[in-house]
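Open the model in your viewer and keep the sequence panel beside it. The tour below moves from the whole chain to single residues, one selection at a time.

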Amino acid sequence: GVDGANSVRLTTTPFTDTMPVWSPDGQQIAFVSTRTGNADLFVMGRDGSQLTQFTRDGADDLFPSWTPVGNRLAWVRRNGTQRTLWVANADGSNARTISCALPWLAHPVWSPDGQRLAFDYDASGDGWNDLAMINADGSGFRLLGSLAPRQELWMGSWYTDDPTSGGKGERLLVTRVEYFLDASGRVIDLFGSTQKFFPCCESAA
């Protein structure tokens, strides 16, 4: 339960199973597993049954994200530091990339209407991630927020009072992180982090 009681183990492999996310109807779980030799996406029933391999690629597939109605999945495909954003139907069909290769792309989250995705990536090439948005068909890419060096934004969740509003009044919840460097320029610790709401069409600064 949500109080931590009656926990049940759903996977039993010696490999890494991580990044689990519930489908909106609570009947399925998408997750990342290294049981194939690299990181692939898998989907299983809520009780661990009906396990299905969702992606089959030599690259690593990470950060699964369901649409609000559960009809599609988005994820990040990693080739070194360069990553692309992918979407597919919930049955694995019609898989396609909707972005060019972007450094350190992570944390894709669907809009409440299932038409857009927000995520973070290193837009300025300084090693710190910024916030961006793209339409589900790959059009309309735009940068939403970029901070000073040693600060970055991690996408969290997307909220609206009215999913039919066409974006009016939507808010993104993000984590803003600042890092501390030692005298040699090495990152040694997080200086601090805050959770922040901001409208989708405004700067995150």
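Of the contacts in the protein with a separation of 6 or more, what share comes from residues 24 or more positions apart? The share is 32%. Keep in mind throughout that this is a predicted model.

**Stop 1: the whole protein**

Show the chain as a cartoon and colour it by secondary structure. There are 16 strands and zero helices. Now switch to a surface view. The protein exposes about 10600 Å², and carbon and sulfur atoms supply 51% of that area. Of the 205 residues, 40% are buried.

**Stop 2: the largest pocket**

Rolling a probe the size of a water molecule over the atoms shows where empty space is left. Here the largest pocket has a volume of about 250 Å³. Select Val21, Pro64, Ser65, Trp66 and Pro108, which lie nearest the centre of this pocket among its 14 lining residues.

Which strands each supply at least two residues of the lining? They are β1 (17–22), β5 (60–66) and β10 (106–110). Colouring the lining by class gives eleven nonpolar residues, three polar ones and no charged ones.

**Stop 3: Phe63, on β5**

Select Phe63, a residue of strand β5. Is Phe63 buried or exposed? With a relative accessibility of 18%, Phe63 counts as buried, because the cut-off for that class is under 20%.

Next, display the residues around Phe63. Leaving aside neighbours within four places in sequence, its contacts are Met19, Val32, Ala74, Trp75, Val76, Arg83, Leu105, Ala106, His107 and Pro108. Draw a distance from the C-alpha atom of Phe63 to that of Ala106: the two are 6.9 Å apart in space, although 43 residues apart in sequence.

**Stop 4: His107, on β10**

From Phe63, step to His107, one of its contacts. His107 lies in strand β10 and is partly exposed, at 28% relative accessibility. Look at the backbone here: phi of His107 is near 55 degrees, a positive value in a residue other than glycine.

Asn94 sits in the loop between β7 (82–89) and β8 (96–97), and its relative accessible area of 48% makes it partly exposed.

**Stop 5**

Thr18 is partly exposed, with a relative accessible area of 34%. Beyond its neighbours within four places in sequence, Thr18 is in contact with Phe31 and Val32. The C-alpha atom of Thr18 is separated by 9.0 Å from that of Thr34, 16 residues away along the chain.

Then move along to Ser23, in the loop between β1 and β2 (28–33). Ser23 is buried, with a relative accessible area of 5%. What lies 3.4 Å from a polar atom of the side chain of Ser23? It is the backbone nitrogen of Gln27. Apart from neighbours within four places in sequence, Ser23 is in contact with Gln28 and Trp66. Trp66 was selected at the pocket, as one of the residues nearest its centre.

**Stop 6: two arginines**

Which side chain makes a polar contact with the side chain of Arg56? That partner is Gln53, at 3.1 Å. Arg56 is in the loop between β4 (52–53) and β5, and it is exposed, with a relative accessible area of 66%. Its C-alpha atom is 8.1 Å from that of Leu41, 15 residues apart along the chain.

Arg116 is found in strand β11 (residues 116–121). Arg116 is buried, with a relative accessible area of 14%, whereas Arg56 is exposed. The side chains of Arg116 and Asp113 are joined by a polar contact of 3.3 Å. To finish, draw the distance between the C-alpha atoms of Arg116 and Thr67: these residues are 49 apart in sequence and 9.6 Å apart in space.

Technical notes
Residues numbered from 1 in each chain as written. Predicted model: local features only at pLDDT ≥ 70, side-chain atom pairs only at ≥ 80, totals over all residues. Heavy atoms only, no water. Helix = DSSP H or I, 4+ residues; strand = E, 2+ residues; numbered from the N terminus. Buried < 20%, exposed > 50% of the residue type's maximum accessible area, 1.4 Å probe, protein only. Contact = heavy atoms within 4.5 Å. Areas by Shrake-Rupley, 256 points an atom, 1.4 Å probe, with all protein chains shown as cover. 1 Å grid on protein atoms, 1.4 Å probe; cavity = no way out; pocket = protein on both sides within 12 Å on 5 of 7 lines; lining within 4 Å. Points joined across faces, edges and corners; volume = space filled by probe spheres on them. Nonpolar A, V, L, I, M, F, W, Y, C, P; charged D, E, K, R; others polar. Polar contact = N/O pair within 3.5 Å; in protein donor to acceptor, adjacent residues only side chain to side chain.
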